[in-house]
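Here is a report on one protein fold.

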Amino acid sequence: MSDLKVRKIDFQFPDDIAFQWNPGNPYWGNFVNYATVIAPAFERYFIKATRAAMGRISSPAVALDADLFCQQEAQHSKHHLAHLAMLSRKYPELEQVRRDVLSSYEHLFEKESEDFHLAYSAVIELCFGPLAKFVVENRDSLFVDADSRIASFILWHLVEEFEHRNAAIDIYNDVVGSYWYRLKSAPKVIYHIFTIDKIVRQGFKDHVPHEPGKVGPSESILCISKTPLIQQLKLLYELCCTFLPYHNPNNIQQPEWVTQWFKDEAAGVDMRAYYSN
Ligand SMILES: [Fe+2]
Ligand SMILES: [Fe+2]
């Protein structure tokens, strides 16, 4: 019996949501808009890699989690695409940026081995444990005057990233198993992420107007600058720890807010506008 639950929450992204939906911390708003362009492509890539490797998974428990992991990622992707469709209705050229990101991942899938795809998935998914914890714990500094619908959608996504934080590394360890291969693959993974970042940054620069006197739509470098420095250093340390050989994401302590989110969702609370600040 797995702890992972596939939740089909009916998030809505109507046109009254502003492109910059987080005016009190626009850098974070931009970062989330970036993520919404990139995430559907890498979530699809992870799902394809995991589904392709399904026959090679020997542990029934890992196989069950792998299936639920794919289903959760598919839900994330679905809602990122809906959010992105709303952004693209405002600036239609963003659709081409989405396609460029997707084709980069499709090319990677063709070019690299199944083991590499699983290593890529493990390297990235391992980052989501510390990242999800960081965002939840610093939510009030990150989401400032935020549209509650987007903030709640992102927090849902991260709560589930926290929930399935062990899935990708368990799949990798079951199927590939080599720590050194994962470590060796990491620079290539990071390089690919930088390539994608460049595509999206340029796309936002080219296609979304920069209002004078305001933070530009492609500026996200300061996205965590409003959080305490100690929290930023802790995040950096915890991200570095994900590269250690025996790092176990399940040992990352679950924030109380996440526990409460699970309880409320199970009790039938409407999670679509759960968080507001
Ligand atoms: Fe996801
Ligand atoms: Fe994930």
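In which sense, left-handed or right-handed, does helix 3 pass helix 8? The crossing of helix 3 and helix 8 is right-handed. A crossing has this hand if the near helix is turned clockwise from the far one by less than a right angle, and is left-handed if anticlockwise.

## Basis of the model

This is a predicted model; local features need pLDDT of at least 70, side-chain atom pairs count only at pLDDT 80 or more, and totals for chains, interfaces and linings use all residues. Residues are numbered from 1 along each chain as its sequence is written, while chains are lettered from A and ligands numbered from 1 in the order in which they are written.

## Overall fold

The protein has 10 helices and 0 strands. Helices (H or I, at least four residues) and strands (E, at least two) are DSSP runs, numbered from the N terminus. Along the sequence the pattern reads α-α-α-α-α-α-α-α-α-α.

The C-alpha trace spans about 55 × 45 × 35 Å along its principal axes.

Of the 277 residues, 40% are buried. Buried means 20 or more other C-beta atoms within 10 Å of the residue's own; exposed means 12 or fewer, and partly exposed lies in between, with C-beta atoms placed from the backbone. Among contacts with a separation of 6 or more, 88% join residues 24 or more positions apart. A contact needs C-beta atoms, placed from the backbone, within 7 Å.

## Helix packing

Two packed helices are described by the angle between their axes and the distance between the axes. Axes here are lines fitted to C-alpha atoms, for helices over the stretch in contact, and angles run from 0 to 180 degrees between N-to-C directions. Angles under 35 degrees count as roughly parallel, over 145 as roughly antiparallel, 65 to 115 as roughly perpendicular and the rest as oblique.

Helix 3 and helix 8 pack at about 165°, with axes 9 Å apart. That makes helix 3 roughly antiparallel to helix 8. Helix 3 contributes Leu94, Val97, Asp100, Val101, Ser104 and Leu108 to the contact, and helix 8 contributes His192, Thr195, Ile196, Ile199, Val200, Gly203 and His207.

Helix 1 and helix 4 cross at roughly 130°, and their axes come within 9 Å. Helix 1 is thus oblique to helix 4. Their crossing is left-handed. Contact residues of helix 1 include Phe42, Tyr45 and Phe46, and those of helix 4 include Glu114, His117 and Leu118.

The axes of helix 2 and helix 7 come within 9 Å and cross at roughly 135°. Helix 2 and helix 7 are therefore oblique to each other. This crossing is left-handed. Val62, Asp65, Ala66 and Phe69 of helix 2 meet Ala167, Ala168, Asp170, Ile171 and Asp174 of helix 7.

## Nonpolar core

The largest nonpolar core holds 65 residues, of which Ile38, Leu118, Ile171 and Tyr172 touch the most other members. Such a core is a set of buried Ala, Val, Leu, Ile, Met, Phe, Trp, Tyr and Cys residues joined through C-beta atoms within 7 Å. Helix 1 gives the largest share, 13 residues.

Beyond residues up to four places away in sequence, Ile171 touches Thr50, Ala53, Ile57, Val62, Ala66 and Leu118.

## Single residues

Tyr275 sits in the segment after helix 10. It counts as buried because 21 C-beta neighbours lie inside 10 Å. Leaving aside neighbours within four places in sequence, Tyr275 contacts Arg139, Ser148, Ala151, Ser152 and Leu155.

Gln231 lies in helix 9 (residues 229-241). With 14 other C-beta atoms within 10 Å, Gln231 is partly exposed. Gln231 and Phe134 are 97 residues apart in sequence but 7.4 Å apart in space, C-alpha to C-alpha. Not counting residues up to four places away, Gln231 touches Phe134, Glu137 and Asn138.

Asp145 is in the loop between helix 5 (139-142) and helix 6 (148-163). Asp145 has a positive phi of about 55° although it is not a glycine. It is partly exposed, with 13 C-beta neighbours inside 10 Å.

Key: Contact = placed C-beta atoms within 7 Å.
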